[in-house]
Amino acid sequence: MTSANAYDVTKWPVGNPHEDIGAVINSIIADVKIRQASRDVNDGGKPGAVIYIPPGDFRLVTQVLIDISYLKIVGSGHGFTSSSIRFNTPAQELEQWHEVWPGGSRVLVDLAPSGAEDDASKAAFLVERAGNPRISSVEFADFCIDGLHFTDAASNGDAENSYRNGKTGIHLASANDSFRIKGMGLIYLEHGIVAYHSDALTVDDNFVAECGNCIELRGMGQASRVSNNLVGAGYDGHSIYAENFGGLLVSGNNVFPRGRSSIEFSGVVRSSITGNRFHSFYPGMLVFSEHCSENLISSNHFLRDREPWAPMTKYDNGLDDQFGLLHLNGDNNSVIANHISESIDTQFLEPSYEKPVIIRIVSGRGNYVANNHIVATTEASQTNDAPNSACFSTQVEAILSTRNLTTLDVIAVKVEPGSIQNTILDSGSDAQVVIDRAVNAFRGTPMPGQQLGSAQLEPT
Amino acid sequence: MTSANAYDVTKWPVGNPHEDIGAVINSIIADVKIRQASRDVNDGGKPGAVIYIPPGDFRLVTQVLIDISYLKIVGSGHGFTSSSIRFNTPAQELEQWHEVWPGGSRVLVDLAPSGAEDDASKAAFLVERAGNPRISSVEFADFCIDGLHFTDAASNGDAENSYRNGKTGIHLASANDSFRIKGMGLIYLEHGIVAYHSDALTVDDNFVAECGNCIELRGMGQASRVSNNLVGAGYDGHSIYAENFGGLLVSGNNVFPRGRSSIEFSGVVRSSITGNRFHSFYPGMLVFSEHCSENLISSNHFLRDREPWAPMTKYDNGLDDQFGLLHLNGDNNSVIANHISESIDTQFLEPSYEKPVIIRIVSGRGNYVANNHIVATTEASQTNDAPNSACFSTQVEAILSTRNLTTLDVIAVKVEPGSIQNTILDSGSDAQVVIDRAVNAFRGTPMPGQQLGSAQLEPT
Amino acid sequence: MTSANAYDVTKWPVGNPHEDIGAVINSIIADVKIRQASRDVNDGGKPGAVIYIPPGDFRLVTQVLIDISYLKIVGSGHGFTSSSIRFNTPAQELEQWHEVWPGGSRVLVDLAPSGAEDDASKAAFLVERAGNPRISSVEFADFCIDGLHFTDAASNGDAENSYRNGKTGIHLASANDSFRIKGMGLIYLEHGIVAYHSDALTVDDNFVAECGNCIELRGMGQASRVSNNLVGAGYDGHSIYAENFGGLLVSGNNVFPRGRSSIEFSGVVRSSITGNRFHSFYPGMLVFSEHCSENLISSNHFLRDREPWAPMTKYDNGLDDQFGLLHLNGDNNSVIANHISESIDTQFLEPSYEKPVIIRIVSGRGNYVANNHIVATTEASQTNDAPNSACFSTQVEAILSTRNLTTLDVIAVKVEPGSIQNTILDSGSDAQVVIDRAVNAFRGTPMPGQQLGSAQLEPT
């Protein structure tokens with residue numbers, strides 16, 4: 001402990017952090033509030049504190065309530081390992097495993113039942129404060145929050161694959177400013193990060209996977225950044241979700257399956273999705289709902305193929321292939337310079353006799369879709385029931401088996417009737433684009449033998 | 001203290017870090033120099049040191065002078081809160097606030113007057129060393145530098161909104177290599193970071209806001225990275241500025257208002273501005289001055305709307321709407337795949353009777369402007385005088401009110417006379433682009449009913 | 001030491017970390033294994049540990065073998081300085097230098113000869129474990145691994161410029177999951193980071209330079225991220241290399257010379273190279289070998305000019321200018337919205353009488369090359385033999401001398417015979433693109449006076 005404001009949960013005299021780290025952290029926060037109780041005089045602030053969680057197993061029975069600004073909780077390890085593989089491995093094989101649980105600076109979420117039904121009550125870490133100013137600069141860094149088990153009783157004996165346990169990792173309930181969530185590992189939680197009313201939030205370099213939902217920005221918010229994360233939600237949750245946001249930047253993330261959506265914006269405007277890699281097993285991997293406007297989707301790589309892992313093949317997100325791999329509602333959005341790969345055999349399409357839709361503008365005007373490269377092929381992958389790392393090898397090998405695939409016929413872009421003044425350029429050939437050309441602008445990607453060399457044009 | 005090279009300002013026997021952290025750090029540096037005085041023998045180096053600043057208020061009266069390589073100064077909290085909202089809140093309301101100052105590991109800049117007028121003398125942290133090699137690998141991480149007050153006496157009673165106090169946070173004066181500035185909070189400084197002659201500099205994930213100028217790369221430099229920051233300067237300063245640089249990468253930043261410019265390059269070449277989100281209240285949000293060449297501007301989201309917050313509506317950057325939202329001087333630059341939104345009522349344009357210019361090539365040849373989507377509408381926002389977080393809500397709601405806006409007539413691209421051999425593709429319709437087509441190449445974005453399907457072309 | 005799982009190499013009772021940090025860390029790992037030997041009961045894990053390396057010189061004689069999950073090794077400084085400049089500076093001048101070696105938390109790699117010839121045996125840090133599950137969440141952060149000297153005896157007295165010494169910094173030998181390598185400095189190693197069989201690997205914000213090869217992802221792997229690094233390899237090694245990978249995201253890196261390639265993919269599919277800045281002195285700066293498919297290359301800045309520094313002008317990568325600056329083998333890749341600058345005098349081209357090739361599709365079908373801006377000029381730079389920081393100034397000044405350069409004739413895109421169904425749009429004029437238009441699609445960038453305004457088109 002280097003100063004009064006630097007705490008270590010294993011050194012604090014109240015409580016036992018291995019039995020209930022929640023009670024210990026709440027006791028530390030109470031101490032900070034007592035020591036920093038007086039209002040500032042002559043530029044003096046209430047600087048907050050840092051609480052260190054060393055590597056170790058720390059059970060959390062009591063919810064942590066953070067209601068002071070400038071609190072940083074930091075560990076020394078995000079501690080991710082795949083619990084999903086573990087829970088689909090036979091017990092006798094597990095006996096040979098080196099370890100079976102996540103690690104690092106690990107918080108085991110084992111909240112005592114509160115009787116409350118609201119999501120905030122189910123969070124391991126709740127940030128909430130009334131009054132002014134908005135709570136500022138709380139930081140979470142480099143530790144692990146492990147929900148331990150999925151437990152949905154209605155899952156027909158498949159509870160550990162249900163992605164439901166009523167647990168949230170971090171829940172920001174009241175308006176907040178300049179928070180940072182960095183380097184965290186969030187595992188086996190129904191909700192990883194839920195942030196209401198965020199301004200200038202940073203969610204960077206986290207490992208949020210095998211959670212029902214991973215990163216949810218709710219309520220409304222502005223001027224935030226979700227960048228450089230590794231993310232992958234369950235089959236009926238969102239990997240990245242934002243609603244009623246302006247000025248959000250989602251960049252540099254590697255979003256892997258599953259996820260009902262890889263990313264969904266609802267009522268989001270003037271925001272960016274750039275330079276991400278998205279991989280999904282279902283249609284609707286990107287969804288704009290509730291009228292999203294003036295957003296930019298550029299330089300992303302999208303891949304949709306089929307679920308290769310036996311324990312998960314019975315699940316999907318319930319959407320069919322007419323829904324659109326990118327499903328867009330709203331006006332004046334830009335979809336530029338993306339690569340989109342779809343790899344699936346026609347027998348697995350739903351409905352199997354219709355060409356799947358890649359980019360679908362459901363409604364809206366003024367959208368600009370240009371220079372997207374859509375590659376659709378029959379699939380190379382195969383289902384695999386290997387319980388653990390063999391799955392990784394099979395999946396990688398399937399991905400790598402991309403030579404000599406047969407082309408799959410698709411609708412590259414579909415602009416639904418009633419949508420007008422949209423512009424579709426070089427994102428599919430004439431035959432691949434469904435659009436009312438009288439009320440929308442269209443230039444098909446040239447075909448071999450049809451090239452438009454500038455020399456063919458007359459000087460004006 | 002874990003080893004002789006790991007210091008904690010609150011444990012050092014000389015000085016009181018709460019009264020003058022500058023004197024304490026200088027004393028520590030002197031100690032490092034004494035202990036690491038001998039030149040290396042048999043691969044032995046002068047490894048430098050780490051100085052830890054725990055959360056707390058630490059006044060800086062004496063400038064820190066860093067003249068050794070491999071010094072890392074690290075805290076446990078960037079500690080940002082909005083001082084701008086605070087200084088525009090009535091005193092009686094402030095009495096109800098939880099806290100009114102920034103926090104975390106907070107350095108309060110209160111430099112004793114030195115009599116010197118140069119910028120370097122006014123910096124809290126000055127890095128300067130003569131001789132060889134260039135000073136290397138100094139690192140600043142995860143603490144707060146707070147300039148406390150703006151104080152311009154000529155500001156007609158609005159000193160705290162003047163963005164002037166003669167204070168700089170970090171000033172790199174001599175040629176430097178492989179520095180890192182990460183996770184910092186810089187607040188209420190006239191200059192946040194000023195870096196002269198930088199090679200392989202990293203400025204990543206900082207929160208630099210409510211500063212006169214935020215990040216300035218001066219002198220000349222190369223091969224550096226300004227990425228993943230949250231940034232917003234005052235109305236007459238730069239959010240990001242670079243001069244005489246080669247190989248700069250500006251990516252993944254969320255740059256919010258205000259800022260005379262969101263980003264300005266002066267004499268910069270072969271550099272990148274990619275995947276950023278920029279928001280401004282004035283024209284000239286991106287400026288290339290002094291002949292910038294061979295730079296790439298791609299996959300950025302630009303938004304310009306009108307100042308919504310009453311205390312700031314009297315200020316602007318003095319530029320009119322003919323200046324260009326993107327104002328470019330120079331040759332062979334690329335502007336590709338950006339989304340640009342302008343939202344303002346014609347009554348607020350200057351001059352109000354002329355169509356505003358979005359991308360303006362003032363002079364130069366060989367520039368390539370392609371596949372930019374420009375959306376111009378009358379505005380949804382309204383001025384708001386709410387003193388604190390209500391401003392956030394109003395701003396967000398205004399941003400979200402983007403349905404059914406009226407289209408605003410603009411000049412999408414203007415290529416000034418004398419500029420030749422530029423190429424403008426799919427970035428505006430014929431009617432929206434002003435260009436001499438005899439000496440520049442142009443293809444207008446197709447309009448509905450004018451589509452160029454590849455089937456319309458004759459095979460060659 | 002804050003808990004049993006938090007170690008400091010300078011506090012450990014076994015061994016002397018300054019004499020052999022390898023033996024100390026191995027002793028600590030043995031202690032972790034003893035203390036965490038029991039298998040989990042009731043959700044209890046084996047949380048691993050953190051090992052701290054403070055700033056200082058720590059010789060490594062014994063290889064570190066990591067075979068436990070959740071181990072984090074962390075320092076307080078990446079400690080890079082240019083050893084290349086130092087070894088090309090006259091001894092008498094060095095006597096005036098402030099320091100001549102890298103610093104920070106510095107590991108001096110001085111491995112005892114093992115007799116083994118495999119690469120894994122030559123690594124300072126080896127991660128290897130048999131059985132299940134894959135080893136997870138090992139983290140390296142914020143320290144320096146210094147190979148000290150290059151030593152190739154066959155280098156005709158230029159051993160320190162040979163980039164060969166048989167040393168590797170970090171070698172991941174067995175299948176691994178969710179590793180993180182962040183903030184490291186890797187210097188004067190023949191191989192910086194070599195990662196076999198990685199899943200969900202993060203390599204972020206490292207400084208890997210003056211290494212023979214910098215970042216190599218080998219074997220096979222998936223869903224990983226190489227982002228925000230500063231990287232530059234030797235003239236015969238790779239700056240970034242990946243083989244047999246799916247779902248790799250390479251983004252936001254600043255990759256400077258030299259490097260036989262700035263980036264090479266071999267058998268990589270469905271991966272992204274976006275938003276990077278690449279600078280090279282040779283052809284073949286980006287190479288796709290062994291059939292790479294469905295990858296996205298977008299929003300990157302590429303610069304190739306000529307080696308300006310006298311000690312290195314005798315070296316190159318042996319490729320000629322017909323090889324292609326971007327050399328692509330494979331199907332269905334996307335090259336969209338990049339800026340590519342080549343600056344060289346014709347006398348230095350090889351062969352000097354042929355136009356150099358910028359983008360070359362050696363073989364493959366279905367590739368999509370659109371909206372790339374290729375700028376080719378005679379060079380502004382000059383060779384310089386200044387031994388140290390003067391080189392920086394000369395290089396920067398050369399870069400900045402980009403006005404009034406003469407245009408260099410190039411082949412912007414060359415699609416080799418036998419390659420079919422490729423699409424080349426707006427990436428070069430008719431005269432600059434070599435392609436069989438009967439079997440590939442082509443639209444030349446319009447030329448001045450040839451513009452295709454949408455008004456010229458007939459409504460359909």
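Predicted model: local features only at pLDDT ≥ 70, side-chain atom pairs only at ≥ 80, totals over all residues.
Okay, let's start where the chains meet. Take chain B and chain C. On the chain B side, 95 residues are in contact with 90 residues of chain C. How much area is buried between chain B and chain C? About 7,000 Å², and carbon and sulfur atoms give 52% of that. As for charges, the count for chain B and chain C is 5 salt bridges. One of them joins C:Asp426 to B:Arg443, where the closest N and O atoms sit 2.7 Å apart. If you sort the residues on the side of chain B that touches chain C, you get 27 nonpolar, 48 polar and 20 charged ones. And there are 34 residue pairs in polar contact across the interface of chain B and chain C, counting pairs with both residues at pLDDT 80 or more.

Chain C and chain A bury about 7,000 Å² between them, with 52% of it on carbon and sulfur atoms. Which residues of chain C lose the most area to chain A? Those are C:Asp43, C:Asn132 and C:Arg270, and together they make up 11% of what that side buries. Chain C and chain A have 5 salt bridges between them.

Over all chains, the structure holds 39 aromatic pairs. Let me show you two of them in chain A. A:Phe87 pairs with A:Tyr188, with 5.5 Å from centre to centre and 35 degrees between the planes, and that pair is tilted. Is A:Tyr188 buried or exposed? Its relative accessible area is 1%, so A:Tyr188 is buried.

The other pair is A:Tyr163 with A:Tyr235. Their ring centres are 5.2 Å apart and their planes stand at 85 degrees, which is over 60, so this pair is edge-to-face. This pair also links distant parts of the chain, 72 residues apart. A:Tyr163 comes from the loop between strand 10 (144-146) and strand 11 (168-172), and A:Tyr235 from the loop between strand 22 (230-233) and strand 23 (238-243). Both A:Tyr163 and A:Tyr235 are buried. And if you widen the view, A:Phe87, A:Trp101, A:Phe150, A:Tyr163, A:Tyr188, A:Tyr235 and A:Tyr315 form one aromatic cluster.

In chain B, find B:Ala124, in strand 7 (residues 123-127). With a relative accessible area of 0%, B:Ala124 is buried. What's around B:Ala124? Beyond its neighbours within four places in sequence, its contacts include B:Leu60, B:Val64, B:Leu111 and B:Ile145. B:Gln63 is another contact, and although B:Gln63 is 61 residues away along the chain, the C-alpha atoms of B:Ala124 and B:Gln63 are separated by 5.1 Å.

In chain C, look at C:Asp158, in the loop between strand 10 (144-146) and strand 11 (168-172). Why does C:Asp158 count as buried? Because its relative accessibility is 13%, and the cut-off for buried is under 20%. Its side chain makes a polar contact of 2.8 Å with the side chain of C:Asn161, and another of 3.5 Å with the side chain of C:Lys314. Leaving aside neighbours within four places in sequence, C:Asp158 is in contact with C:Lys314 and C:Tyr315.

Finally, chain A and A:Asn333, in the loop between strand 33 (326-329) and strand 34 (334-336). A:Asn333 is buried, at 1% relative accessible area. A polar atom of the A:Asn333 side chain lies 2.9 Å from the backbone nitrogen of A:Asn295. Among the residues A:Asn333 touches are A:Phe288, A:Cys292, A:Tyr368 and, over in chain B, B:His373.

Conventions: Residues numbered from 1 in each chain as written. Chains lettered and ligands numbered in written order. Heavy atoms only, no water. Contact = heavy atoms within 4.5 Å. Buried area = accessible area lost by both parts, 1.4 Å probe. Salt bridge = Lys/Arg side-chain N within 4 Å of Asp/Glu carboxyl O. Polar contact = N/O pair within 3.5 Å; in protein donor to acceptor, adjacent residues only side chain to side chain. Nonpolar A, V, L, I, M, F, W, Y, C, P; charged D, E, K, R; others polar. Phe/Tyr/Trp six-rings, centres within 6.5 Å; stacked < 30°, edge-to-face > 60°. Buried < 20%, exposed > 50% of the residue type's maximum accessible area, 1.4 Å probe, protein only. Helix = DSSP H or I, 4+ residues; strand = E, 2+ residues; numbered from the N terminus.
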